[in-house]
Structures are given as structure tokens and as C-alpha cells.
Amino acid sequence: MIGEGTKKIDLYDLFSVLIPGIIFLILLYPLLPDSIEISGVELTLIILIGGFVAGRAIHATRIELDKRYGESHREYFIKAVKDQNEGVSELSEEFWSVCDQEFPKLISRTQTVNQDEQDLNSNGQESEENHDPISQQDIKDTHIEELYTLVRSAIYMDARGRSRSFQALFDFYGSMWITFVLIFVIYAIYAIGNMGLTFVQDMFHVFGVDSAEEVIGYNTHLSNFDIHPGMLFFGSALLFLGVGHLFRVTRRKYRHFYVTYLMSDFIILAEIENEKST
């Protein structure tokens with residue numbers, strides 16, 4: 001099934017980690033001290049190393065949010081295998097048939113576990129009736145997760161298939177919408193801190209300062225443009241939250257593309273390997 005895998009530069013970290021991290025640092029630059037002078041080499045190192053670290057943090061945040069409030073690609077894959085997603089029923093059936101051939105031990109173990117549960121009657125005694133083989137709709141989610149891991153590993157080691165590209169783009173869009181939301185929060189705090197609102201000033205006076213810039217202790221690049229804090233707040237909301245929402249909507253579409261191409265890639269690669277073996 002694996003075939004002749006080739007070692008290529010993995011673009012997953014580039015799209016889903018490094019690029020979002022670099023964009024985060026670039027958008028954060030206007031809030032940095034205007035007195036700092038950085039050489040080209042130092043700037044490159046800061047962008048690459050800092051971008052990777054920031055990108056990892058953003059990536060981890062996105063994964064945690066998916067677990068708590070959203071639907072991850074694993075969960076979407078589980079629904080697709082169980083034929084609960086629109087537009088993938090025929091593909092799902094073909095995918096399950098190929099998995100039955102490629103991973104017979106896993107499928108057999110899955111059917112055995114499910115069969116044992118079905119064979120227990122209300123009295124806790126096993127029934128001797130014969131049952132039809134377990135369908136893909138009756139599989140436990142944990143078993144489908146095992147199947148997902150095997151399929152991804154096979155496609156990754158084979159180094160072919162469009163699903164890898166869609167996975168990188170899918171996670172890229174996910175990291176980007178987190179990036180823009182975080183940037184908005186930072187800009188909003190900065191803008192509110194400079195609005196001169198009574199409750200904000202009262203908070204600052206507790207620390208003996210009058211503005212956000214006194215809190216951070218330096219003049220920012222952004223302060224040189226003399227932008228009204230209210231305009232900065234609403235402009236940041238319109239721009240960053242608007243772009244972030246666009247990335248989030250696009251991410252949902254690419255989640256569907258990724259899962260369908262994952263199934264398609266595995267089916268095609270299995271057919272290629274079967275033709276080679278005959």
C-alpha cells in the first residue's frame with residue numbers, strides 16, 4: 001500500500017505554523033517601540049524563530065478551541081465514514097470497502113467488539129442468533145479514529161495525493177482566523193487604554209499612570225500616526241474580525257475538501273497497489 005515514498009519538504013508546518021506566526025508578528029510590529037533599530041539579519045532571525053514559536057502557540061490554541069467548541073477534521077471524518085455528512089455517501093461506502101481489504105484485522109476486531117455488544121440481551125446473557133456483519137454506521141468512534149490514523153500514515157508515506165495539500169490549507173485557514181482574532185484583542189486593549197474613558201483612567205490611576213503607553217513604558221510606531229483611539233478600535237474590529245471570519249468560513253469548506261480527498265486518495269492508491277501486485 002505504501003509504495004515508493006519520496007522525501008519532500010513538508011509544507012504543512014510552513015502553511016499552518018510558520019506563515020500565521022510571521023503574519024502575527026508583522027501585525028504586532030506597529031505596537032513595538034519606535035526607538036528600536038534592528039539589522040536585516042536580526043530581523044530575519046526574529047521573524048523566522050519568533051514566527052515559528054508564535055505559530056506553534058496559535059496552532060495549539062486552534063486545536064484546543066476545536067476540541068472544546070468546534071468540530072475537528074477527525075470528527076468530520078468520523079461522520080463521513082458513518083455516512084452522516086451530505087455528499088459523501090457513495091464515496092464513504094467505497095472507502096469502507098477498500099479499508100475492509102487493506103486493514104482486515106482492524107475491521108474484524110471492530111466487528112467483533114460491536115457484535116459482542118449486540119449479542120448481550122436484556123438479561124446479560126449471550127444470544128446464539130446469527131447477525132449480519134456490522135455496517136459502517138454502527139462502528140465506534142474510537143475505531144474510526146484508529147482507521148483515520150492508519151489512512152493518513154499510508155498517504156503520508158506514499159507522498160502522493162491531493163489530500164495533503166488540502167490538509168495544509170485547511171489548518172492554514174484555521175490558524176489564520178485565530179491570528180486575526182488575537183491581533184484584534186491586542187489592538188482593542190491598546191485602543192481602549194488610550195480612549196480616556198473614565199473607568200479606564202481610574203484603572204490606570206491605581207498604577208499611577210494616565211495611558212496605555214505609560215503602562216507599556218514606550219512610544220509605539222502606531223502612536224506616530226496620531227490615530228484616534230475610537231477609530232483604531234472600530235477599524236481594527238472591522239478589518240481583523242472581518243478577515244478572520246472570512247478565513248473561518250473558508251476553513252469549513254476546506255475541511256470537507258480535505259476529508260473527501262483523503263478518502264479518494266486512499267482508494268486510488270489502493271487500486272494502484274493492487275494493479276502492481278497482479
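Predicted model: local features only at pLDDT ≥ 70, side-chain atom pairs only at ≥ 80, totals over all residues.
User: How are helix α1 and helix α2 oriented to each other?

Analyst: Helix α1, residues 12–28, and helix α2, residues 40–69, pack with their axes 6 Å apart and at an angle of about 110 degrees. Angles of 65 to 115 degrees count as roughly perpendicular. The two helices, α1 and α2, are therefore roughly perpendicular to each other.

User: What classes of residue make up the contact of α1 with α2?

Analyst: On the α1 side the contact includes Y12, S16, L18 and F24, while the residues of α2 that they and their partners meet include I46, F52, H59 and R62. Sorted by class, the contact of α1 with α2 has 13 nonpolar, six polar and three charged residues.

User: Is D171 buried or exposed, and with which side chain does the side chain of D171 make a polar contact?

Analyst: D171 is found in helix α7, and because its relative accessibility is 0%, D171 counts as buried. Leaving out residues up to four places away in sequence, D171 touches Y12, S16 and R62. The polar contact, at 2.9 Å, is made with the side chain of R62.

User: How many residues of α7 are buried?

Analyst: Helix α7 covers residues 163–193 and reaches 45 Å from its first C-alpha to its last, which is close to the 45 Å expected at 1.5 Å a residue. This helix is mostly covered, and of its 31 residues the number buried is 22.

User: Which side chain is joined to that of R251 by a polar contact?

Analyst: R251 is found in helix α10, residues 229–277, and counts as buried because its relative accessibility is 8%, where buried means under 20%. Apart from its neighbours within four places in sequence, R251 is in contact with R62, D66, F170, Y173, G174 and W177. The polar contact, 2.5 Å in length, joins the side chain of R251 to that of D66.

User: Where does D226 lie, and what is its phi?

Analyst: D226 has its place in the loop between α9, residues 212–216, and α10. With a relative accessibility of 71%, D226 counts as exposed, since exposed means over 50%. Its phi is a positive value in a residue other than glycine, near 55 degrees.

Methods:
Residues numbered from 1 in each chain as written. Heavy atoms only, no water. Helix = DSSP H or I, 4+ residues; strand = E, 2+ residues; numbered from the N terminus. Expected span 1.5 Å × (residues − 1). Buried < 20%, exposed > 50% of the residue type's maximum accessible area, 1.4 Å probe, protein only. Axes fitted to C-alpha atoms, helices over the stretch in contact; angles between N-to-C directions. Parallel < 35°, antiparallel > 145°, perpendicular 65-115°, else oblique. Contact = heavy atoms within 4.5 Å. Nonpolar A, V, L, I, M, F, W, Y, C, P; charged D, E, K, R; others polar. Polar contact = N/O pair within 3.5 Å; in protein donor to acceptor, adjacent residues only side chain to side chain.
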